[in-house]
Amino acid sequence: MARYFDAMREALERHGGTVEKFIGDAVMAVFGIPLIHEDDALRAVRAAADMREAVARLSKELERDHGIVFSCRIGVNTGEVVAGDAASGQMLVTGDAVNVAARLEQAAEPGEVLIGGATHRLVRDSVDCEPLAPLALKGKSGSVQAFRLLRVTDAFTARPRRMDSPMVGRDRELDALRTAFERSVSDRACQLFTILAPAGTGKSRLVEEFLRGVKDVNVLRGRCLPYGEGITYFPILEIVKQASGLADFDAPEVVEEKVCRVLDGDEHQGVVCSRVSQLLGVAEPGSPEETFWAVRRFIESVARQGPLVVILDDVHWAEPTLLDLVEHIADWSRDVPLLLACMARQELLDVRPAWGGGKLNATTISLEPLSEDESIELIANLLEAAEVPSEVGERVASAAEGNPLFVEEMLAMLVDEGLLTREDARWTPRGDLSTVAVPPTISALLAARVDRLSADERLVLEASSVVGKEFSLGAVRGLVPEQMASSV
C-alpha cells in the first residue's frame, strides 16, 4: 500500500496536482488549488493516465514477487468547489464536482478512467475518448454524461484554433512581420520579431497567415512548456529534431549521424554535432556557453540552405536560460537569412523587462483587441457566411470584448449546446442568449490570470466586481480595507 500511495502521489504531483487525502485504498486529489492554471483539466487527465500506467507497472512487480494482481479505477471531473484555505493547511474540498468525480470512479471498470462532460469539453482535442451511455449516478436527479479515456494524444496542446477562416483586423501587424522577414533575407542577418498579446488574441493566427504568403522558406517550430522536468531546452530539441529528421526512438549513433549531416560544410562540424547531440540525451550536456554556441552554429547551418523562420511559441513560459539563448542567437548570428518569431503573453516582460530592447535587429509588437465591427466580421467568417441574426453577433461580440479566441469559444458553445442552429443558409438562436454562461475554456484562462495577481490587486478586483462592469474610484475605495483606500 505504501508503494502504491507513493506512486500515485508522484504521478499527481508531477502534473501539479495536490493530494487532498488518502482514504483506505482511495486517493483524492485536486488541480487548481492552491493555484489555478488554465490547463488544470488537461493536467488532471494526464495525471490519471500516468496513474493508470504506474499501477500497471506496480501490479506486474507484485505479481512476480507475491502473486498479487491489482488495478485501479479513476474518475475525473471539473467544476466549482468550496475549498479551505490552503495557506492555513486546510485543504478540505467539497461540492457537486467532487461527488460526481467519486461516482465516476465507482462506475468505472478496473483499469478504466472515466471523465465528466465538463472535463471532456476542456481536453477533447488532446485525448482519445469513447462516449458512454448517460450514467445514472447516486445523488444526481438526471443522467450524467461521461467518457472513457483511451489515451492522451497531445500532452501539452490546448484546443487548436480555427485557421481556415479569413484573418480579420491584423493587416498592419502582418505587414510588420513581412518587413522583418524581407530584411532578414536582403541583409542576410538575424531578425528577432516578438508578438506580445493576451491568450487568444491571435498571435498564432498572425504567424500562420504570414507563412502562407512566403515561399521557398524553411520553418522550424518549438514551444515552451508550462511545467515538467527537463523543459529548459525542450523547444530547441523540437527544432533540432525537425531539422535533422530525427525519430523519437533513434539510437544514439543515428542521432549523431543525422545531426552531423545538417552541419555539412561547417568548419566546427564535429564539435557542434557533439554538443547538439548531447542535448538530445546522447551524452551529458556541456556548459551553457558551449551549448549556446553549438545551437547557434546548428541553426546557422540550416539557414545557409535557404531563408529560415524559427517560431517559438509560449515564450512567457520559457526558462531564463532559454531566453538567454534566444538573445544570444539574435546578437551573434552572422551572414544568414534568419527570422526568430517569438509569441508570448505580456508576462514575458515581467521576467525580462528589457526583452529585445536596444537591438537594431529586434521588433516587438502588441496585438490589440478587435473592434466590434471586426468581431462581427469574424463571427460571419467562422459561421461560413451564413446569415447571422444581429442579436447573436452583438451578444457574442460584446461578451468577447475583441478577443478572437473568446469569439470562437462562445460560438462553439452555442452550437454544441443547441442554442444556435443552422437551417439552410441561416443561423437561428434557440432561447435567451443574454444569460449564456462563459465557456469553460475561457473561465479557466481568466481564473488563472486572476490567481496570478497579488493579494492587494485581488482585493481591488473583488471590490470592483461588486459594483459592476463599470465602477467609480470612490466606490472601490469605499469597499477595500481602510488602510488600502489611499493607495487605490
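Q: How many salt bridges does the count come to?
A: This is a predicted model, and the count comes to 30 salt bridges. The cut-off behind that count is a side-chain nitrogen of Lys or Arg within 4 Å of a carboxyl oxygen of Asp or Glu.

Q: Which residue forms a salt bridge with Glu105, and where do the two lie?
A: The partner of Glu105 is Arg73, and the closest N and O atoms of this salt bridge are 3.4 Å apart. The pair links distant parts of the chain, for Glu105 is in helix α3 (residues 96-107), while Arg73 is in the loop between α2 (40-66) and β3 (74-76), 32 residues apart. Glu105 counts as partly exposed at 24% relative accessibility, and Arg73 counts as partly exposed at 38%.

Q: What does the salt bridge of Arg297 and Asp266 tie together, and are these two residues buried or exposed?
A: The side chains of Arg297 and Asp266 meet at 3.0 Å, N to O. To read burial, take under 20% relative accessible area as the cut-off; Arg297 is buried because its relative accessible area is 14%, and Asp266 is buried because its value is 8%.

Q: Which residues does Ser301 touch, leaving out those up to four places away in sequence?
A: Ser301 is found in helix α10, and with a relative accessible area of 6% Ser301 is buried. Not counting residues up to four places away in sequence, Ser301 touches Val262, Leu263 and Asp266. Asp266 is also the residue that meets Arg297 in a salt bridge.

Q: How should I read the accessibility of the two residues in the salt bridge between Arg458 and Asp451?
A: Each residue is read separately, even when the two are paired. Arg458 and Asp451 have their closest N and O atoms 3.1 Å apart; Arg458 is partly exposed, with a relative accessible area of 26%, whereas Asp451 is buried, with a relative accessible area of 17%.

Q: Which residues are linked in a network of salt bridges?
A: The network is made up of Asp324, Glu327, Asp331, Arg352 and Lys359.

Q: What is the nearest side chain of opposite charge to Glu173, and how far away is that side chain?
A: A charged residue can be read through its distance to an opposite charge and through its contacts. Glu173 lies in helix α5 (residues 171-187), and Glu173 is buried yet has no salt bridge, with Arg170, the nearest side chain of opposite charge, 4.4 Å away. When residues up to four places away in sequence are not counted, Glu173 touches Phe193, Leu206, Ile365, Ser366 and Leu367.

Q: Which residues gather in a patch of negative charge on the surface?
A: The patch of negative charge brings together Glu372, Asp373, Glu377, Glu391 and Glu394. The elements that give two or more residues to this negative patch are α13 (372-382) and α14 (390-400), and the largest share, three residues, comes from α13. Asp373 has its place in helix α13, and Asp373 is exposed, with a relative accessible area of 63%.

Q: Which residues form a nonpolar patch on the surface?
A: Val466, Val467, Phe471 and Leu479 form that patch, and together they have about 370 Å² of accessible area. Val467 lies in helix α17 (residues 455-467), and with a relative accessible area of 38% Val467 is partly exposed.

Q: Which residues of helix α7 are buried, and what do they pack against?
A: A helix can be read by listing its buried residues and then the elements that they meet. In helix α7 (residues 234-244) the buried residues are Pro235, Ile236, Leu237, Glu238, Ile239, Val240 and Ser244. These buried residues of α7 pack against β10 (218-223), α8 (252-262), α9 (269-279), α10 (288-303), β11 (308-313) and α11 (320-332). Just after α7, Gly245 takes a positive phi of about 70°.

Definitions and conventions
Residues numbered from 1 in each chain as written. Predicted model: local features only at pLDDT ≥ 70, side-chain atom pairs only at ≥ 80, totals over all residues. Heavy atoms only, no water. Patch = residues over 30% accessible without salt bridge, like charges linked within 9 Å, V, L, I, M, F, W, Y side chains within 5 Å. Areas by Shrake-Rupley, 256 points an atom, 1.4 Å probe, with all protein chains shown as cover. Lys, Arg positive; Asp, Glu negative; His and termini not counted. Charge placed at Lys NZ, Arg CZ, Asp CG, Glu CD. Helix = DSSP H or I, 4+ residues; strand = E, 2+ residues; numbered from the N terminus. Buried < 20%, exposed > 50% of the residue type's maximum accessible area, 1.4 Å probe, protein only. Contact = heavy atoms within 4.5 Å.
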